[in-house]
Amino acid sequence: MTFQCRSCSGVNFAPVIDLGDTPLANALIETGAKGRPEPRYPLRVVFCRDCSLVQITETVPPDVLFSHYVYFSSFSDTAVASAKSIAQRLMQERKLGPQSLVMEAASNDGYLLRHYRDLGVPVLGVEPAANIAEVAEKNGVRTRCAFFGRDEGEKLAAEGFRCDVFHANNVLAHVADLNGFVAGLKAVLKPDGVASIEVPYLGELLDKLEFDTVYHEHLCYFSASALDRLFARHDLLLADVEHLPIHGGSLRIFITHSGGARTAALEALLKRERERGLTEAAAYADFEARVSALGKKLVALLKDLKGQGKSIAAYGASAKGATLLNFFGIGGDFLDFVADRSTVKQGKLTPGTHLPILPPESLMERKPDYVLLLTWNFAEEILAQQKTYRDAGGKFIIPVPDARIV
Ligand SMILES: [Zn+2]
């Protein structure tokens with residue numbers, strides 16, 4: 001069957017980057033299972049010439065993909081702080097109170113909704129992972145275990161759950177049925193309600209060579225122009241936008257029912273995107289070559305360090321780390337282990353490259369000379385946490401947008 005655009009169902013694509021057949025980026029391997037074959041899936045990014053949506057062509061079935069899902073956003077200090085500030089702001093701006101309802105799709109362990117709950121506003125989370133939904137309930141955040149989409153949205157609306165504020169942070173890119181998700185939003189949003197949706201921004205992916213944010217969980221890479229067309233199809237309005245530094249550069253977009261006005265900030269961003277050609281295939285033509293050049297440079301740096309007899313580890317057994325290591329072919333020849341703060345990941349092996357994952361304390365115990373920072377999106381936070389290691393002479397290598405030592 002011909003692949004159809006996830007937004008407009010068109011079939012006119014231009015290639016952006018082909019990362020080859022790769023194992024699932026979050027499919028960490030139990031040490032006992034080492035040597036068993038790992039399933040691989042094509043990872044190819046394309047641009048839709050009809051609606052400008054950048055997307056991957058392979059949809060790995062959610063039950064395969066999310067059975068490995070081990071990311072709890074509460075593990076990141078940056079994400080927790082950002083959640084608190086948006087909750088406090090929307091509380092005031094929308095004058096929320098005990099009569100209001102705030103909903104979140106993919107609400108995780110309740111890291112965002114708990115801030116509203118603490119301020120006395122009723123909340124409802126919708127979270128597909130049963131184990132994570134359970135944690136949220138234990139934390140006192142009302143949570144329903146379901147995939148948010150057209151069916152769930154219509155069901156909620158029929159049960160009387162319509163919201164003043166709807167959040168969806170870093171979930172839209174994971175949704176295979178984009179139009180179903182937006183239809184569900186349309187169903188649950190009160191007439192004067194607002195949705196605040198955060199997505200990693202395509203502009204930065206291109207500018208800062210953030211190719212490692214590409215993995216099978218991330219089906220789409222959004223520009224404001226592509227989002228505008230997606231929501232308009234459902235009679236919703238992309239009304240406002242803010243730019244956030246989180247996750248290497250993100251957009252926080254505000255969606256309302258149609259009929260309102262757009263802000264100047266949004267008009268300006270749409271104009272900038274047209275001017276820089278994000279709505280045309282030509283803007284994407286040299287991306288793969290630029291990424292390959294970066295890979296050559298990084299591998300040369302690691303080879304040089306190994307040649308000097310230096311030991312190297314990595315930090316952050318993240319999905320983006322898996323993409324980077326697998327695409328650049330950086331494995332056990334260069335790296336001794338990967339340190340990670342998540343206790344769920346420790347003791348397992350990285351997908352494809354099979355590096356052991358150890359607790360962060362191992363940096364001080366084993367004192368590698370260099371650490372390749374795979375979770376560069378939290379560079380500031382991690383460099384601060386690893387002050388002792390750095391004070392003892394340890395150095396970090398930040399791989400994108402340009403391999404550099406700090
Ligand atoms: Zn399209």
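The questions and answers below go through the metal site, the strands, the cavities and some backbone details.

User: What kind of model is this, and how are its residues numbered?

Analyst: This is a predicted model, in which local features need pLDDT of at least 70 and side-chain atom pairs count only at pLDDT 80 or more, while totals for chains, interfaces and linings use all residues. Side-chain values use heavy atoms, with hydrogens and water left out, and residues are numbered from 1 along each chain as its sequence is written.

User: Which protein residues are the donors of the zinc ion?

Analyst: Donors are N, O and S atoms within 2.8 Å of the metal (3.2 Å for Na, K and Ca), and sites may look incomplete because water is not among the atoms. Along the chain, the donors of the zinc ion follow the spacing C-x2-C-x39-C-x2-C. Lying 2.3 Å from the ion, the protein donors are the SG atoms of Cys5, Cys8, Cys48 and Cys51.

User: What geometry does the site of the zinc ion have?

Analyst: Four donors count as tetrahedral if all angles lie between 85 and 135 degrees; four count as square planar and six as octahedral if opposite donors are over 155 degrees apart and all others between 65 and 115, and anything else is irregular. Here the angles among the four donor atoms are 103 to 114°, and the site is tetrahedral.

User: How many residues apart in sequence are the parts that Cys8 and Cys51 tie together?

Analyst: Strands (E, at least two residues) and helices (H or I, at least four) are DSSP runs, numbered from the N terminus. Cys8 is partly exposed at a relative accessible area of 26%, whereas Cys51 is buried at 3%, where buried means under 20% relative accessible area, exposed over 50% and partly exposed in between (1.4 Å probe, protein chains only). Cys8 lies in the segment before strand S1 (13–23) and Cys51 in the loop between strand S3 (40–48) and strand S4 (54–56), so the pair ties together parts whose separation in sequence is 43 residues.

User: Which strands are the edge strands of the open sheet of four strands?

Analyst: Two strands pair if DSSP finds at least two bridges between them. The open sheet has the order S1-S3-S4-S10 with antiparallel pairing, and two bridges join S4 to S10, with Cys220 in S10 as the bridge partner of Gln55. Each edge strand pairs on one side only, and these strands are S1 and S10 (220–221).

User: What is the handedness of the crossover from S5 to S6?

Analyst: Strand S5 (residues 102–105) points Val102 and Glu104 one way and Met103 and Ala105 the other, and all are buried. S5 runs parallel to strand S6 (residues 123–126), joined by four bridges, and Val102 stands opposite Val123. A crossover is right-handed if, with the strands pointing away from the viewer, the path from the first strand over the helix to the second runs clockwise. The chain passes from S5 through helix H3 (residues 113–118) to S6, and this β-α-β crossover is right-handed.

User: Which residue in S18 is the bridge partner of Val371?

Analyst: Val371 belongs to strand S17 (residues 370–373), where Val371 and Leu373 point one way, Tyr370 and Leu372 the other, and all are buried. Four bridges join S17 to strand S13 (residues 312–315) in parallel, and S17 also pairs with S18 in the parallel sense over three bridges. In S18, the partner of Val371 is Phe396.

User: What is the volume of the largest cavity?

Analyst: On a 1 Å grid over the protein atoms alone, a cavity is a set of points where a 1.4 Å probe fits but cannot get out, and lining residues have an atom within 4 Å of a point. Grid points are joined across faces, edges and corners, and a volume is the space filled by probe spheres set on the points. The count comes to four cavities of 30 Å³ or more, and the largest has a volume of about 60 Å³.

User: Which residue does a cis peptide bond join to Val400?

Analyst: Most peptide bonds are trans. The residue asked about is found in the loop between strand S18 (395–398) and strand S19 (404–405). With omega at about 0°, the cis bond joins Val400 to Pro401.

Terms used. On a 1 Å grid over the protein atoms alone, a cavity is a set of points where a 1.4 Å probe fits but cannot get out, and a pocket is an open set with protein on both sides within 12 Å along at least five of seven lines; lining residues have an atom within 4 Å of a point.
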